[in-house]
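Subject: Structure handover

Hi,

Here is the structure I promised to pass on. Please open it next to this email and read the two together.

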Amino acid sequence: MGIGKNLPAFLVCGVDISESTALKIKYPISGVGVISTFMESFDKGLRESSHQVESAVDAGWFLWRVRGDELVYLRTIPIGDDGKPEPVAIGEALQQFIASLESVSPSQIPGSSYTLKLRSYAFLLHSQGNPWDYRWNLIPKDWNSSLKNQVGSLGIGNFADLESSRHRRINLREIQKDYFIDFIGADVDLGFRVAEQSQAHRMVLSPYLVYLVMMGLEKNKISPFSIYSMGKRELKGCSIKETGLIEYPLYYIPISGNFSNCEELADEPIQINISKEIEKLEKFEKFRNDSYRLIYKKALERMPNEES
């Protein structure tokens, strides 16, 4: 499948319940009930009609994966004239997701003081024309069907059309009828490694996503939420030792709501200067792309000419 810099970007947002395994062991009946109720009410609240925008570039929230007690969503983000995902659209989508998190009722376990501790995260899939960004990885639900050879049935013409679909809506729901939707590439791997750093009552953001959010905050004042630094973290499997890319700068948005988070957020938030952080993140993204470019160059040199 082709890779194209004109592909729309996808905002990925996920929510998980902290310590859910221990909760189900301690409360095998009521614990499961509380978790199930949360997942149903959260999904309904996020995907209800008020959040669905039928336009050429946005079809609302799409439930991409359910991983145990974790819900993972996709939302299409249009690409601006500068070739980058539009910060305003990102900010508005994040506000919707955060509002859903903060509106969750403090589901109680009968006879206890337990309330749900939610972890959340967000990252971006954005093809900038590099082979390492992300690409579609669709798997037919029925391998015996002729659909696998009829890409036109996806409602997007063919995968070459994805390359020129900058201002067209990709109908994920239509594709989902016959295919398991997935993506493969560095954006995906890095995003889910960032997700592993999530903590209760904090939405952790990937470096490229937070860069765009900060651009929107600085230029358009689009979001009411605050962003804090988590410092640099080493992410499993994401280091490139040849270039010294070992740690990644991470940030978070505090999530308030109908639950007590004093215990979870006891550490002092690290204040940031938006303008300075934007400069740092611009340098980091260049460093990250240069690092990937180096390892791809080395890989091509090792490949036979006909393969490369």
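Below is what came out of it, from the whole chain down to single residues.

Two notes on the source. This is a predicted model in which local features need pLDDT of at least 70 and side-chain atom pairs count only at pLDDT 80 or more, while totals for chains, interfaces and linings use all residues. Residues are numbered from 1 along each chain as its sequence is written, and side-chain values use heavy atoms, with hydrogens and water left out.

**Overall**

The protein chain has 8 helices and 11 strands. These are DSSP runs, numbered from the N terminus: helices are H or I with at least four residues, strands are E with at least two. The chain has 308 residues, and 49% of them count as buried. Buried means under 20% relative accessible area, exposed means over 50%, and partly exposed is in between (1.4 Å probe, protein chains only). Among contacts with a separation of 6 or more, 76% join residues 24 or more positions apart. A contact means heavy atoms within 4.5 Å. The accessible surface is about 15100 Å², and carbon and sulfur atoms hold 49% of that. Areas come from the Shrake-Rupley method with a 1.4 Å probe; for residues, only the protein chains shown count as cover.

**Strand β3**

Start with β3, residues 70–77. All 8 of its 8 residues are buried, so the strand is largely enclosed by the rest of the structure. In a regular strand, side chains alternate between the two faces of the sheet. Both faces of β3 are covered. One side carries E70, V72, L74 and T76; the other carries L71, Y73, R75 and I77.

β3 pairs antiparallel with β1 over 7 bridges. Pairing requires at least two DSSP bridges between the strands. L11 has R75 in β3 as its bridge partner. β3 also pairs antiparallel with β2 (residues 62–67), over 5 bridges. The hairpin of β2 and β3 has 2 residues between the strands, and G68 takes a positive phi near 65°.

**Cores**

A nonpolar core is a set of buried Ala, Val, Leu, Ile, Met, Phe, Trp, Tyr and Cys residues joined through side-chain atoms within 4.5 Å. The largest one has 51 residues. L11, F38, F42, L94, F97, M203 and I227 touch the most other members. Helix α7 (residues 207–220) gives the most to this core, with 9 residues. Another core, of 37 residues, lies apart from it; V12, F192, Y228 and M230 are among its members.

What does L94 touch? Leaving out residues up to four places away in sequence, L94 touches L11, C13, A122, M203, V213 and F225.

**Two loop residues with positive phi**

Neither is glycine. E19 has phi near 60° and lies in the loop between β1 (9–17) and α1 (20–26). H201 has phi near 65° and lies in the loop between α6 (186–195) and β9 (202–205). Buried or exposed? E19 counts as exposed because its relative accessibility is 52%. H201 is buried, with a relative accessible area of 1%.

**On the surface**

W143 is in the loop between β6 (139–140) and α4 (159–163). At 53% relative accessibility, W143 counts as exposed. Together with I139 and F180, W143 forms a nonpolar surface patch with about 340 Å² of accessible area.

Best wishes

Methods. Patch = residues over 30% accessible without salt bridge, like charges linked within 9 Å, V, L, I, M, F, W, Y side chains within 5 Å. Salt bridge = Lys/Arg side-chain N within 4 Å of Asp/Glu carboxyl O.
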